[in-house]
Amino acid sequence: MKQFLKYTLATITGIFVMWIIGGLLLFLTIVGIVAGSSEKTPVVKPNSVYQLELEGTLVERSEDNSMAEALASAMGKSPEKSLGLDDILSNIKKAKNNPDIKGIYLKGGTLQAGMASVKEIRDALTDFKKSGKFIVAYSDNYTQKMYYLASVANKLLVNPQGMVELKGLSAELMFFKNTLDKLGIDMQVVRVGSFKSAVEPFINTKMSDANRLQMNVYMNSIWSNLLSQVSESRKIPVDLLNKYADEMMMFQPATKLKAYHLVDDLVYSDKVGNIIKAYTKDDYNTIKHSAMTKVADNVTVEKTKIALIYAAGDIDNGDDDGIVSKDLVETIQKVAKDESVKAVVFRVNSPGGSAYGSEQIWHALAELKAKKPLVVSMGDYAASGGYYISCVADEIVAQPNTVTGSIGIFGLIPNISGLNEKLGLTYDVVKTNKMSDAISVNRAFTPEERGLIQAYINQGYELFVKRCADGRKKTTDEIKAIAEGRVWTGADALKIGLVDKLGGLPLAISEAAKKAKLTNYNIKEYPEKEDFATKFLKNFGEDAETSVLKARLGDQYVIYKRINKIQQMKGIQAMLPFEMDVQ
């Protein structure tokens, strides 16, 4: 017994000591990261080159990832890298205007990003070249999106043993119906819109004809835009690019890449410096992306402001990284009251979500619009609920490859009676009124219940259509002719009047300034970014849990996220097809 107590006490003591040591290491790591982040403003040396490493995940706005880095270091893992689109665009502009920076080096990687965001960066690089400065791009291997981005470079390089992925676009949807059938779960769907395909993964085993049609149309639109820009930069006819894509270039010899003029040269990474030196005419200094973000942009302080409000992610679907309608409404109301703000750019990058939350945001924007000009800038997605909150604007600016439209709504309620039967569970009900047990997950809808829900969905759809009609100055019949939940690219949306102009965030800001008749102004971003301490206290447990789940589930974490997303849904949804993977 003494031995048992001895070993038990030793084990408990060991665990306690390990917790203390682990906590101390984490604390010291965090302190080190925070101390490192408080560096002095970097000085750009003469004859410098801005190095942009295209690696990690692209997000709308940069985040303080100190906590995630600390957790990863404490667990002995490399932190997940993310790049903010806002920082990249700002750095490219600073590089263009700084006389000490002679060019940009795009260091290839596998940056995960949406097509519209990639085009936003590409447009900024095209504008950078107008200054007469150079761009050199190198990668061991180019994904299709990264090749599209890098094709803007003056010199496009790849490793002699590397690859260029050029194969055309494909989209893959995951379907849950067979799995749900095995579990005994029937997803009861009520929707408006023959193209409203967000529910298809739960009721079909493949795409409907309507969904296949819309996906073909918008993917061909995106591919056409990509090819036209690569063609212009590389001086290769579009029909030849399609021919090369059919050859599956990533499995062709690298020498063929040069012969087809898809790249300018085949070099190893250690030779890139000499090629850059040929442009700088002398030894050069490198300023990396993280340092460049800390370089002062020399903007004159103005009292007059244009507010830039970000709305990124799902709407009210339980994700703190998405759009919380209540918080966003408060931000919009704050901006509306700020007399120094003379115009507003509303940056939308959302596939939609709660119809109720979308309506609350729409109302707040309508109140703001009555006081000051409102311009919407669309990112990768501004569809369904994302379009709902955009349609009120004085003007809408989208990229040609933005995914938008999807004007339609749906309700999704599971019937788990089959699962209950498999588990041997039974239920009995006592109720005071006829509809007291309505919308139970333990049985199928009655015809009366389905009729009530369909009427409610129809009412929501009519309101959505009216919001679009009023915002776009069209009749409801004109909107319904292009609605039905159908998805459009920005290029096609321009043709049918769902957007006004094609371009990125800089164009939207310029249009807002014109509407407010401003020449001198500063940009004020909302909501304010959270500092390290706030983010740490708010998300420590959540980030730790996410790190553990990713480690345990590996590639299956994506499936877990999709299932969790379904569980978080509440009420009527205005949402794009789930997790539409375009490759």
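Which residues does S350 touch, not counting residues up to four places away in sequence?

Modeller: First, a word on the ground rules. This is a predicted model, where local features need pLDDT of at least 70, side-chain atom pairs count only at pLDDT 80 or more, and totals for chains, interfaces and linings use all residues. Residues are numbered from 1 along each chain as its sequence is written, and side-chain values use heavy atoms, with hydrogens and water left out.

Now to your residue. S350 touches A311, G313, D314, I315, I323, Y381, A382, A383 and G386, once residues up to four places away in sequence are set aside. Contact here means heavy atoms within 4.5 Å. S350 sits in strand β12. Helices (H or I, at least four residues) and strands (E, at least two) are DSSP runs, numbered from the N terminus. S350 is buried, and its relative accessible area is 0%. Buried means under 20% relative accessible area, exposed means over 50%, and partly exposed is in between (1.4 Å probe, protein chains only). G379 is 29 residues away from S350 along the chain, yet their C-alpha atoms are separated by 8.0 Å.

Stay in strand β12. It covers residues 341–350 and also holds R347. R347 forms a salt bridge with E60, and their closest N and O atoms are 3.0 Å apart. A salt bridge is a side-chain nitrogen of Lys or Arg within 4 Å of a carboxyl oxygen of Asp or Glu. E60 lies in the loop between β2 (57–59) and α2 (66–74), so this pair links parts of the chain that are 287 residues apart. Both partners, R347 and E60, are buried. Side chains of opposite charge can pair when their charged atoms come close.

Other pairs follow. By the same rule, the count comes to 29 salt bridges. One of them joins D264 and R234, with the closest N and O atoms 3.1 Å apart. D264 lies in the loop between α10 (254–259) and β9 (265–266), while R234 is in helix α8, so the pair ties together parts 30 residues apart in sequence. R234 counts as buried because its relative accessibility is 3%.

Another pair sits within one helix. K495 and D492 meet in a salt bridge at 3.6 Å, N to O. They are 3 residues apart in helix α19 (residues 490–495), so about one helical turn separates them. K495 is exposed, with a relative accessible area of 68%, whereas D492 is buried, at 14%. Elsewhere, salt bridges that share partners join K431, D437, R443 and E449 into one network.

What about a charged residue without a bridge? E200, in helix α7 (residues 200–203), is buried yet has no salt bridge. The nearest side chain of opposite charge is R191, 4.7 Å away. Lys and Arg count as positive and Asp and Glu as negative, while His and the chain ends are not counted. Leaving aside neighbours within four places in sequence, E200 is in contact with F175, R191, K206, M207, S208 and N211.

Next, the cores. A nonpolar core is a set of buried Ala, Val, Leu, Ile, Met, Phe, Trp, Tyr and Cys residues joined through side-chain atoms within 4.5 Å. The largest has 62 residues, of which Y50, I92, L125 and L262 touch the most other members. Helix α8 (residues 209–234) gives the most to this core, with 8 residues. L125 is in contact with I92, I104, L106, I135, L149 and V152, leaving aside its neighbours within four places in sequence.

One more buried spot deserves a look. P400 lies in the loop between β15 (395–398) and β16 (403–405). P400 is buried, at 9% relative accessible area. G503 is 103 residues away along the chain, but the C-alpha atoms of P400 and G503 are separated by 7.5 Å. Beyond its neighbours within four places, P400 is in contact with K119, N225, T489, G490, A491 and L502.

Finally, step back to the whole chain. It has 22 helices and 22 strands. Of its 583 residues, 47% count as buried. Among contacts between residues at least 6 apart in sequence, 77% join residues at least 24 apart.
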